[in-house]
Amino acid sequence: MSKKALIAMSGGVDSSVAALLMKNAGYECTGAMMRLWGGADEQDEKDAAAVAARLDIPFYVFDLQDKFREKVINKFIKTYENGATPNPCLDCNRYLKFGALYEKARELGCDYIATGHYVISAQDKSTGRHIIKKAADPAKDQSYVLYSLSQEILSHCVFPLGSRTKSEIREIAEQNGFVNSRKKESQDICFVPDGDYSAFIERQTGRVYPPGDFVTTSGEKVGTHSGIIRYTIGQRKGLGVSYRAPLYVCAKDIKNNRVILTEGAELFSREVTAADINLIAVPKIEGGMRVAARTRYNMKEQPATAYQPDENTIKVVFDSPQRAAAPGQALVLYSGKTVVGGGTII
């Protein structure tokens with residue numbers, strides 16, 4: 001296999017250094033930026049092109065806005081409308097940053113794709129499976145959002161930043177005179193930069209999401225909500241409800257347009273079920289497998305036992321009850337530093 005690689009370049013420092021490291025490792029590199037959203041920052045495109053020029057590698061911009069709308073934005077809206085909490089970055093990684101990029105790489109005759117994600121990839125010598133491990137820098141580890149990558153795609157992926165820290169990456173960028181060496185990282189969902197998800201959904205759909213009742217788990221009405229898409233499981237702030245104790249969102253009744261509130265107990269559960277699963281480290285979970293599991297990106301893994309009742313479902317029983325496992329988010333399983341797999345919480 002030749003060493004031709006397509007590098008995903010976003011205009012940020014991570015993907016820029018990834019391109020440099022790939023070139024230094026002897027790959028014949030081509031840079032590519034995906035234009036995903038109409039409101040994308042033109043400066044990002046200029047920065048990515050400038051780094052590619054400095055590295056003397058070809059640079060393409062792929063317009064994937066239609067696919068992004070279909071696979072990410074439409075699902076984002078539908079998930080909120082159905083009462084769940086979406087994770088659009090997971091879908092973007094799955095369908096665009098790896099799925100579509102892999103297709104483009106094949107069209108261009110590239111054998112590998114490389115990104116600036118902080119994870120370590122390897123091949124398990126005992127099983128032959130391609131696996132993902134946590135990054136060396138715990139603060140930057142992105143293994144949680146890559147659980148959906150297939151064996152085929154993983155076999156063609158290179159993650160050059162996985163064994164390095166963020167400070168090292170910035171230092172390398174500065175040493176090489178990259179225009180974006182001190183560029184601030186984006187923390188927001190790219191298509192909702194102001195963080196107002198409900199306003200975005202209303203603009204996109206042209207719909208009005210009407211007020212309805214806030215009710216406790218016992219059925220007591222305690223207030224009026226301002227539209228069911230505005231609330232997420234576990235939310236306490238911004239409810240505007242006066243009650244004898246703090247209340248949290250624990251469920252949504254879409255049919256009756258009600259948001260269910262609890263004083264806290266109903267937020268905790270030991271069992272979590274996920275569908276639309278992808279397994280990386282193993283082809284199937286046999287019996288009960290001891291794992292560490294996360295139900296949110298910024299959550300510390302918790303000890304649990306995982307079961308696979310059927311081809312498309314994982315059930316996890318935590319050793320102790322866990323707070324606010326929200327439908328729509330990802331359940332990701334680990335064995336030590338290795339990603340076992342994951343799925344979408346139902």
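**Helix packing and salt bridges in a predicted model**

How many salt bridges does the structure hold? The count is 15, and I will go through a few others. E271 and K315 meet through their side chains at 3.4 Å, N to O, and this pair again links distant parts of the chain, since E271 sits in strand β12 and K315 in strand β15 (residues 313-323), 44 residues apart. Both partners are partly exposed, E271 at 48% relative accessibility and K315 with a relative accessible area of 29%. D213 and K221 form a further salt bridge, at 3.2 Å from N to O, and D213, at 29% relative accessibility, is also partly exposed. Finally, K134, R294 and E301 are linked in a network of salt bridges.

Let me turn now to the helices, starting with α3 (65-81), against which the buried residues of α7 pack. In α7, which covers residues 197-205, those buried residues are S198, A199, F200 and I201, and just after this helix G206 takes a positive phi of about 75°.

α3 also packs with helix α4 (residues 88-107), at an angle of about 165° and with the axes 9 Å apart. Are these two helices roughly parallel or roughly antiparallel to each other? They are roughly antiparallel, because an angle over 145 degrees counts as such, and α3 passes α4 in a right-handed crossing. On the α3 side the contact involves K67, F68, K71, V72, K75 and F76, which meet P88, D91, C92, Y95, L96 and A100 in α4. Sorted by class, this contact has eight nonpolar and four charged residues, with no polar ones. As for the spacing of such positions, an α-helix has 3.6 residues a turn, so residues three or four places apart point the same way.

How values were computed: Residues numbered from 1 in each chain as written. Predicted model: local features only at pLDDT ≥ 70, side-chain atom pairs only at ≥ 80, totals over all residues. Heavy atoms only, no water. Buried < 20%, exposed > 50% of the residue type's maximum accessible area, 1.4 Å probe, protein only. Helix = DSSP H or I, 4+ residues; strand = E, 2+ residues; numbered from the N terminus. Contact = heavy atoms within 4.5 Å. Axes fitted to C-alpha atoms, helices over the stretch in contact; angles between N-to-C directions. Parallel < 35°, antiparallel > 145°, perpendicular 65-115°, else oblique. Left-handed = near helix turned anticlockwise from the far one by under 90°. Nonpolar A, V, L, I, M, F, W, Y, C, P; charged D, E, K, R; others polar. Salt bridge = Lys/Arg side-chain N within 4 Å of Asp/Glu carboxyl O.
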